[in-house]
Amino acid sequence: MRYGHFDDANREYVIETPATPLPWINYLGNEDFFSLISNTGGGYSFYKDAKLRRITRYRYNNVPFDNGARNYYVSIMSGEGADATPVETFSPTFLPVKTPLDSYKCRHGIGYTVFEATKSGIRTELTAFVPLHTAAEINRLDITNINGAPKTVDVTGLVEWCLWNAVDDSSNFQRNLSTGEVEVERREDSTLLYHKTEFKERRNHYAFFGVNAPVVGFDTSRDEFLGQFNGWDTPQVIAEGKAHDSVAHGWYPIAANRVRVTIAPGETKSLVFTLGYIEVPNDQKWEDPNDPAKVGIINKKPAHELFARFDTTDKVEAALAELKDYWNGLLSIYSVESGDERLDRMVNIWHQYQCMVTFNMSRSASYYESGMGRGMGFRDSNQDLLGFVHLVPERARERIIDIASTQMEDGSAWHQYQPLTKKGNADIGGGFNDDPLWLIAGVNAYLAETGDASILTEPVPFNNVEGSEVPLLEHLRRSANFTMTHLGPHKLPLIGRADWNDCLNLNCFSATPGENFQTVENNDTGVAESVFIGGMFVLYGGQYADILEHYGEATGMSADEVAAEAANVRTAIDDMTEAVKTAGWDGEWFVRAYDAYSRPVGSHTDTEGQIYIEPQGMCVMAGIGLDDGKAQAALKSVRDRLTCEWGTAILAPAYSTYRIELGEISTYPRGYKENGGIFCHNNPWVSIANALAGNDEEAFNVYRRNCPAWLEDKSDIRKVEPYVYCQMVAGPEAAIPGEGKNSWLTGTAAWTFVDVSQYLLGIRPTLDGLAIEPHLPAEYTDLTVTRVYRGTTYHITLKRTGQRTLTVDGQPVNGTVVPVPAAGTTTVDVSVTF
């Protein structure tokens with residue numbers, strides 16, 4: 001069952017009913033100011049950090065699920081002036097009023113969302129977006145009278161303020177219910193309602209919600225607006241037909257602007273509502289610090305300047321056009337014409353769009369990640385770089401420096417950091433022994449994309465301690481050395497608190513209900529080992545050696561130093577490869593790990609959890625077993641034992657009871673999350689592994705089994721958005737297989753784009769240039785790819801002939817790598833047969 005359709009020409013997903021199985025959301029904002037917006041207008045906004053700078057309130061576990069965020073009330077009025085009364089009220093987004101609409105449409109686009117609705121002869125169009133380089137969300141509401149007579153319509157736009165720190169806001173009521181403060185600025189042509197809670201003390205930021213028209217009233221007290229016993233669907237003020245002009249003092253501050261418009265038949269009136277965030281220097285906080293009467297009145301000048309940038313529809317249209325042009329440019333960097341609209345729409349639009357969102361958010365702020373606990377993940381953000389770096393490499397460079405700055409001197413790392421402070425998150429801690437190697441992966445991706453070796457000499461501190469700066473290359477060295485010096489009894493890497501799978505807690509032994517497996521004391525025995533990290537080291541240790549050999553001398557190393565260190569790393573890689581092939585091999589697949597008793601995890605010797613997906617994908621991606629049949633055997637085991645119509649499960653058989661020696665992985669019901677769910681993030685590893693092993697048909701089958709565009713007609717089962725990936729799909733052992741959870745913020749986004757763009761379509765950046773080696777199933781015979789790479793546009797044709805050849809500007813080239821063209825070359829024509 002479908003609840004809408006793709007509009008590829010406009011790069012939109014068009015939702016045709018508000019009654020989607022779950023709220024289907026979009027993200028607004030590309031830089032510092034972000035908003036989440038659902039197909040019924042729900043969501044929340046924040047500046048940089050969803051925990052520390054939450055602007056609007058959102059209630060998790062709400063009933064209904066999605067209610068009380070950006071609320072718009074359109075009231076068709078009867079009578080004149082103060083005697084006007086509402087005849088009917090509806091919401092352009094359906095919620096919160098829930099009045100049945102005569103028509104409804106939500107168009108989620110790239111960085112914007114549009115709601116179209118009609119009710120009783122009034123047509124509305126609400127456009128929401130965050131302009132480029134702007135700390136504000138713009139909501140333009142067009143109201144059209146399609147009746148045969150003039151109509152008077154009252155429009156009330158409302159947001160509810162969060163008191164900045166989202167955790168404190170949802171828990172510290174004894175303080176918060178006394179601290180809320182607002183200011184009201186009512187002007188002839190507009191009204192701005194200011195949220196200045198805590199501004200008079202330690203904060204230097206405030207927010208405002210304004211409208212570009214004179215108002216007939218306002219409210220800033222939620223209690224006054226709703227009235228007793230009412231919810232957002234039945235506010236007292238809306239039922240009465242007039243605002244109360246309430247001013248909040250503590251309790252629950254909101255911002256509600258009420259505008260009255262009279263619309264002739266066929267006429268359209270437009271209103272612009274602006275939700276803005278302002279920071280001011282501490283010595284400029286007040287309107288006039290020298291006037292005792294004005295101390296305490298906030299400096300509104302920057303708010304006026306921000307509001308004035310979008311106070312007409314022409315300015316709003318120009319800003320929206322600029323946003324669309326920006327995305328047109330980004331999405332022209334990599335595009336394909338394959339003859340298959342599903343593949344084209346995912347590669348050209350939704351894969352890359354989701355990569356931008358995950359780069360911006362990591363795993364911090366969604367409808368499933370509350371923004372109150374997790375910051376930017378060390379592992380997560382490095383992986384997100386892999387799918388994002390081609391879009392805005394300068395932002396990727398900045399992110400790499402931020403991530404590396406949280407690394408410890410021994411090469412380990414904080415597992416997360418807060419985006420506002422860029423400091424390590426002590427609440428989560430560290431000890432996840434895969435983290436250091438992901439830094440090598442992120443830097444290698446940046447170097448392969450840009451060739452910018454200057455990043456390797458960039459001074460970067462450890463743990464953000466001033467004075468500890470060393471070149472970034474030294475951080476990579478310590479990443480590699482951390483793994484090389486933390487080996488267990490089988491000469492495999494020690495797992496620490498966990499590896500990529502945060503729920504495989506082999507050193508935890510938690511028996512206390514409610515303990516957090518990721519933060520409870522880690523009883524590291526120095527015994528529990530990870531075969532998965534072993535595969536990672538072979539892959540990313542190899543990339544580190546490549547970086548040394550390509551750029552080491554450019555960073556100041558001598559040729560002898562480069563050769564010696566690279567040889568040492570490659571010897572360690574050989575040793576690790578041997579350990580994985582012996583101690584890490586179970587007979588038909590790779591073992592997952594060894595527990596704190598040195599017993600294998602992910603082995604046929606157990607009755608449950610016999611095979612895990614992660615080492616099969618990662619070890620084959622690293623090339624382990626491609627020379628002796630182990631890779632093909634492992635991939636066959638994945639296909640036979642883990643794969644169903646919805647994708648490939650993380651393990652099988654699922655655990656039926658809690659196993660204290662394994663940790664959180666065994667706490668979930670069978671078939672869900674890490675206990676036998678289809679963890680979409682690592683399905684691309686298996687696809688890439690199959691491509692490298694020459695199993696092109698299966699490589700593409702893995703891709704499409706859980707690709708949203710191929711599953712749109714199963715939306716009633718999958719439930720999550722049909723245009724983006726989710727973290728987890730309920731696996732074959734689940735009560736309801738196929739249900740999706742935790743959409744949008746998942747490493748699946750980056751890894752899937754890497755898979756389909758670099759391995760299936762086969763256009764892969766390397767340190768030496770652009771490699772081209774497609775691995776596509778038989779149904780794809782003629783394709784064209786446009787790829788902008790290091791300032792040059794590559795026009796690439798791919799044609800199936802049964803033989804692999806590479807021709808560049810008419811000249812045959814040996815191998816698969818297109819030579820780097822001469823400086824100043826703008827276009828290169830490449831012809832590939834496969």
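I began with helices α16 and α19, which pack at an angle of about 15 degrees with their axes 9 Å apart. The model I am reading is a predicted one. Angles under 35 degrees count as roughly parallel, so α16 and α19 are roughly parallel to each other. I noted the hand as well: α16 passes α19 in a left-handed crossing.

Which residues meet here? From α16 I listed Pro684, Trp685, Ser687, Ile688, Ala691 and Leu692; from α19 I listed Trp751, Thr752, Val754, Asp755, Tyr759 and Leu760. I sorted the residues of this contact by class and found 9 nonpolar, 2 polar and 1 charged.

I stayed with α19, residues 748–760, and looked up α17, residues 696–705. Their axes come within 11 Å and cross at roughly 150 degrees. Angles over 145 degrees count as roughly antiparallel, so α17 is roughly antiparallel to α19. This crossing is left-handed.

On the α17 side I found Ala699, Phe700 and Tyr703. They meet Thr752, Asp755, Val756 and Leu760 of α19. By class I have 5 nonpolar residues, 1 polar and 1 charged in the contact of α17 with α19.

Next I went back to α16, residues 683–692, and took α15, residues 630–641, as its partner. How close do the axes come, and at what angle do they cross? They come within 10 Å and cross at roughly 135 degrees. That makes α15 oblique to α16. I recorded a left-handed crossing for α15 and α16.

Leu635, Val638 and Arg639 of α15 make the contact with Val686, Ala689 and Asn690 of α16. I divided these residues into 4 nonpolar, 1 polar and 1 charged.

I turned to the whole chain. The protein is divided into domain 1 (4–182 + 214–273), domain 2 (355–760) and domain 3 (764–833). I looked up the separation of domain 1 and domain 3: their C-alpha centres lie 49 Å apart.

I also read the UniProt record, an unreviewed entry. Over residues 11–296 I found 7% helix and 44% strand. The end C-alpha atoms of that stretch are 47 Å apart.

For residues 326–762 the unreviewed UniProt entry lists "domain: Glycosyl hydrolase 94 catalytic".

Most residues other than glycine have a negative phi, and most peptide bonds are trans. I went looking for exceptions.

Is the peptide bond from Leu95 to Pro96 cis or trans? It is cis, with omega near 10 degrees. I placed Pro96 in the loop between β8 (85–90) and β9 (103–108).

I noted another cis peptide bond from Ala652 to Pro653, with omega near -15 degrees. Where does Pro653 sit? Pro653 is in the loop between β31 (651–652) and β32 (678–679).

My last stop was Ser120. Its phi is near 50 degrees, a positive value in a residue other than glycine. Ser120 is found in the loop between β10 (112–119) and β11 (122–129).

Technical notes
Residues are numbered from 1 along each chain as its sequence is written. This is a predicted model: local features need pLDDT of at least 70, side-chain atom pairs count only at pLDDT 80 or more; totals for chains, interfaces and linings use all residues. Side-chain values use heavy atoms; hydrogens and water are left out. Helices (H or I, at least four residues) and strands (E, at least two) are DSSP runs, numbered from the N terminus. Domain bounds come from an automatic or database domain assignment. Axes are lines fitted to C-alpha atoms, for helices over the stretch in contact, and angles run from 0 to 180 degrees between N-to-C directions. Angles under 35 degrees count as roughly parallel, over 145 as roughly antiparallel, 65 to 115 as roughly perpendicular and the rest as oblique. A crossing is left-handed if the near helix is turned anticlockwise from the far one by less than a right angle, and right-handed if clockwise. Contact means heavy atoms within 4.5 Å. Ala, Val, Leu, Ile, Met, Phe, Trp, Tyr, Cys and Pro count as nonpolar, Asp, Glu, Lys and Arg as charged, and the others, Gly among them, as polar. UniProt positions are given in the numbering used here, feature names are shortened, and annotations may be inferred rather than shown by experiment.
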